[in-house]
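Thanks for coming. I have one structure to go through today, so let me put it on the screen.

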Amino acid sequence: MTAAVLSVRMARKAFGGLIAVNDVSFDVKEGELLGLIGPNGSGKTTLLNLISGALKPTSGQILLGGEPIGGLAAHYIARRGVARTFQLVRVLPSLDAEQNVMAGTVFGHQRCWGEEARRLARALLERVGLGDREHMPVSAMTYIDQKRIELARALASNPRILLLDEWLAGLNPTELKVGISLIDELRREGRTIIMVEHVMDAIRTLCDRCVVMSSGVKIAEGGVQETLSDPEVVRAYLGD
Ligand code: ADP
């Protein structure tokens with residue numbers, strides 16, 4: 001059996017009286033692409049925040065390669081091998097594309113510096129379709145291109161697990177096609193990924209399995225087709 005890269009064990013996050021993530025457990029296996037889906041406000045981003053260390057769990061545990069990481073500072077967790085992109089892009093606007101991606105080589109899991117970091121950044125920019133814009137200030141780039149920069153930066157540390165928070169949101173149909181094939185390429189090369197996504201075509205095309213959240217609770221988990229046709233999942237999406 002393939003080992004779990006990430007195990008979420010009874011993770012809970014309360015904001016005052018609101019339980020945004022309510023005792024959620026699931027595993028992500030090596031090389032698996034897991035879709036994390038559910039209506040708005042169901043706790044998906046909060047879960048990613050617990051995994052990446054942006055938030056500390058109220059209770060429960062998160063294990064990376066069997067080692068507890070729940071509650072550690074975000075920079076430690078990044079160094080252990082968790083990289084992410086954000087729903088609202090977070091780039092360093094005063095720096096150019098190459099410098100932004102190089103930042104990922106310094107702070108992440110597998111670090112490198114200087115010329116090696118520059119070469120890696122250029123290769124990754126090429127890969128995300130920005131090979132001709134390495135010295136463009138990121139502030140002058142479109143939102144979509146900034147998303148590409150974020151993905152390149154996340155990949156720069158060769159993470160053990162990559163968290164994508166609605167990376168495909170806002171893309172036009174042509175960009176969406178390119179975006180889906182880029183993620184598919186990452187999957188084929190064996191990367192372990194959790195993808196929070198509303199684009200159902202992408203979930204169907206890309207994911208090995210999915211976990212469905214509703215009101216902070218995991219309501220379903222399993223193969224994509226069976227999960228999406230689960231009556232409880234349909235109800236959660238369509239409302240009562
Ligand atoms: P999703 O990503 O599924 O849209 P979120 O994880 O963003 O859902 O939010 C889950 C719930 O937690 C929502 O009700 C949201 O308003 C609440 N929430 C998220 N972050 C905070 C916060 N920092 N403080 C208080 N409530 C929050």
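In α3, the buried residues are Ala97, Glu98, Asn100, Val101, Met102, Gly104 and Thr105. Please keep in mind that this is a predicted model.

What covers those buried residues? The cover over α3 includes α4 and α5, the latter being residues 143-155. I will take the two helices in turn.

Start with α4. Helix α3, residues 97-107, packs against helix α4, residues 114-127, at an angle of about 115°, and their axes are 9 Å apart. The crossing of α3 past α4 is right-handed. On the α3 side, the contact is made by Ala97, Glu98, Val101, Met102 and Thr105. On the α4 side, Ala117, Arg118, Leu120, Ala121, Arg122, Leu124 and Leu125 take part. By type, the residues of this contact of α3 with α4 are eight nonpolar, one polar and three charged.

A word on the spacing of such lists. An α-helix has 3.6 residues a turn, so residues three or four places apart point the same way.

Now α5. The axes of α3 and α5 come within 6 Å, crossing at roughly 35°. This crossing is right-handed. From α3, the contact uses Ala97, Asn100, Val101, Ala103 and Gly104. From α5, it uses Ile149, Ala152, Arg153 and Ala154. The residues of the contact of α3 with α5 divide into six nonpolar, two polar and one charged.

Next, a residue ahead of α3 in the chain. Val91 sits in the loop between β6, residues 82-84, and α3. Is Val91 buried or exposed? It has 20 C-beta neighbours inside 10 Å, and therefore counts as buried; the cut-off for buried is 20 or more. Setting aside neighbours within four places in sequence, Val91 is in contact with Asn100, Val138, Gln146, Ile149 and Glu150. Val91 and Ser139 are 48 residues apart in sequence, yet their C-alpha atoms are 8.6 Å apart in space.

Which residues are around the ligand? They are Phe15, Leu18, Ala20, Gly38, Asn40, Gly41, Ser42, Gly43, Lys44, Thr45 and Thr46. By type, this shell has three nonpolar residues, seven polar and one charged. Two elements, β2 (18-29) and α1 (44-52), each supply at least two residues of the shell. The largest share, three residues, comes from α1.

How is α1 itself placed? Nine of its nine residues are buried, so α1 is largely enclosed by the rest of the structure. The buried residues are Lys44, Thr45, Thr46, Leu47, Leu48, Asn49, Leu50, Ile51 and Ser52. Lys44, Thr45 and Thr46 are therefore on both lists: buried residues of α1 and residues around the ligand. After α1 comes Gly53, with a positive phi near 90°.

Glu166 has a phi near 50°, which is positive in a residue other than glycine. Glu166 is in the loop between β7 (161-165) and α6 (173-188). It counts as partly exposed because it has 18 C-beta neighbours inside 10 Å.

The other is Ser215, again not a glycine, with a positive phi near 50°. Its loop runs between β9 (209-214) and β10 (217-222). Ser215 has 15 other C-beta atoms within 10 Å, so it is partly exposed.

**The chain as a whole**

To finish, some totals. The protein chain has nine helices and 10 strands. Its C-alpha atoms fill a box of roughly 50 × 40 × 40 Å along the principal axes. For 240 residues, a compact globule would have a radius of gyration near 18 Å, and the 17 Å of the protein chain agrees with that. Buried residues account for 41% of the 240. Of the contacts between residues at least 6 apart in sequence, 66% join residues at least 24 apart.

How values were computed. Residues numbered from 1 in each chain as written. Predicted model: local features only at pLDDT ≥ 70, side-chain atom pairs only at ≥ 80, totals over all residues. Near = placed C-beta within 6 Å. Helix = DSSP H or I, 4+ residues; strand = E, 2+ residues; numbered from the N terminus. Nonpolar A, V, L, I, M, F, W, Y, C, P; charged D, E, K, R; others polar. Rg over C-alpha atoms; globule rule 2.2 N^0.38 Å. Buried ≥ 20, exposed ≤ 12 C-beta atoms within 10 Å, placed from the backbone. Contact = placed C-beta atoms within 7 Å. Axes fitted to C-alpha atoms, helices over the stretch in contact; angles between N-to-C directions. Left-handed = near helix turned anticlockwise from the far one by under 90°.
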